[in-house]
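Hi everyone, thanks for coming along.

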Amino acid sequence: MVEMNAKPDTVGDPTGSNMPVLLLGIVAMLVSLWLTGFGGMLAKLILIGFWGTWVVPSILRARLTGDGLVVVLLLAGLVGVIGLGYGGTDEKVRLIGNLLILPLGLICGLWLGRDCLRVMVPALILYLPMASVFQITHEGWRLNHPFLFLGLFALTCAMRGHACGWIGGVAAVAVVLSQTRIAVLALMIAFVGRVRFSRAMTWLFGLPTLIAVLVMMTIWLPRLLMTHGSGRLAFWRMFWDDWQTASAARQWLGFGAGSVEAILQDLPSAAAFGALHNDHFRILFETGLIGIILWVMGWGMLIWLARGSRVAVWILASVAVTMVTDNTLSYGHYLICCGMAAGIAMREAVDENR
């Protein structure tokens, strides 16, 4: 995305040798994690503000060329569609902020490298044990915060040493115990990027272990295979009908940022549903055909940029998959963790090929 000649010290080396800044970063991330329970907007402002402080000034001085320039133009185009489209200012700012978090994490991983891990990993390790509880639902018990654990697992994909295996293993178990199907699927997709299929041990030991784990999951975690009426399909059909019968202007430019939540709030049957649970469809509905074209092209370019790192490709693919049945754009910490992990993997792949 940007020139890779710059080293972390060109952006201030915020965590490499500056202990006060490292501690400040961990505290800031802990505060942002705590604030997610109060709506999440302030938490995202802290994320963008803290990490943007380190990378945005240097990015503004960097030379964007080739594919990186295309990605920035696509993102700028999508932001422009949102800004000039329908919807209130607050909703526009919220959606634009959500869209910026994954690219910000990717840039942080590319420019700061493993220094990102020194802030994010300790913050998550400190926060998750205190905030994680098993919840009893009508579908059985489940562990909360599946996407925070999924973000921690993504970060371990960019770590080295024995600790990454233990931390990643605990995070993976926590995601499975959440019994959130899309999170477990994303976990499996991201895990593929870590597996070295050329090793004999992968097939001799890993494959039988995986089969045994899957069998135990189906026995002890029945919710993973349970079919239930979540209401998603019914609401998707309703929004699809609204989009199809809309004017040409609405179809091309969308109904505007925040329109999905506004419509759902006016429906008594959808009060508890809250959101569309499909970010790809939401982009189509709120930004129209122009927005969804830019969105799909942007994801395609991100995958293309990451093609040199198998880990980065699979992490980004796992994020895109979660957006099929969840409100992933609202999960700022998950997005920035995945962006950082993918950026670090891309950076190291470039360094290895030099």
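How far apart do the end C-alpha atoms of residues 68-87 lie, and what percentage of that span is helix? The ends are 30 Å apart, and the span is 85% helix and 0% strand.

Before I go on, some housekeeping. This is a predicted model, where local features need pLDDT of at least 70, side-chain atom pairs count only at pLDDT 80 or more, and totals for chains, interfaces and linings use all residues. Residues are numbered from 1 along each chain as its sequence is written, and side-chain values use heavy atoms, with hydrogens and water left out.

Residues 68-87 come from a UniProt list. The unreviewed entry gives several spans as "transmembrane region", among them 20-47, 68-87, 93-112 and 283-306. UniProt positions are in the numbering used here, feature names are shortened, and annotations may be inferred rather than shown by experiment. Residues 283-306 are 96% helix and 0% strand, with 23 Å between the end C-alpha atoms. When I say helix, I mean a DSSP run of H or I with at least four residues, numbered from the N terminus.

Now to the salt bridges, where a side-chain nitrogen of Lys or Arg is within 4 Å of a carboxyl oxygen of Asp or Glu. How many does a search of the whole structure find? The search finds 5. One of them joins Arg114 to Glu348, with the closest N and O atoms 2.6 Å apart. That pair links distant parts of the chain: Arg114 is in the loop between helix 4 (89-112) and helix 5 (117-131), while Glu348 is in helix 15, 234 residues apart. Glu348 also meets Arg160 in a salt bridge, at 3.6 Å from N to O. Here Arg160 sits in the loop between helix 6 and helix 7 (162-178), and the two partners are 188 residues apart.

How accessible are these three? Glu348 is buried at 18%, Arg114 is partly exposed at 25%, and Arg160 is exposed at 59%.

Because they are 4 residues apart in helix 13, about one helical turn separates them. Both Arg282 and Glu286 are buried. Looking at shared partners, salt bridges join Arg114, Arg160 and Glu348 into one network.

On to the aromatics. Rings of Phe, Tyr and Trp (its six-membered ring) pair if their centres lie within 6.5 Å; planes under 30 degrees apart count as stacked, over 60 as edge-to-face and the rest as tilted. By that rule we get 10 aromatic pairs. Take Phe50 and Trp54, an edge-to-face pair at 6.4 Å centre to centre with 75° between the planes. Both residues lie in helix 2 (residues 41-61), 4 residues apart, or about one turn. Phe50 is buried, at 12% relative accessible area. Why is the pair of Phe147 and Tyr334 edge-to-face? Their ring centres are 5.3 Å apart and the planes are at 70°, so it meets that rule. Phe147 belongs to helix 6 (residues 146-156) and Tyr334 to helix 15 (residues 332-353), so this pair ties together parts 187 residues apart in sequence. Phe147 is buried at 8%, and Tyr334 is buried at 1%. Back in helix 2, ring pairs link Phe50, Trp51 and Trp54 into a cluster.

The charged end of Arg250 is over the ring of Tyr86, 4.0 Å from its centre. Likewise, Arg307 lies over the face of Trp304, 3.9 Å from the ring centre.

That's my tour, and I'm happy to take questions.

Methods:
Helices (H or I, at least four residues) and strands (E, at least two) are DSSP runs, numbered from the N terminus. Buried means under 20% relative accessible area, exposed over 50%, partly exposed in between (1.4 Å probe, protein chains only). A charge sits over a ring if NZ of Lys or CZ of Arg is within 6 Å of the ring centre and within 35 degrees of the ring normal.
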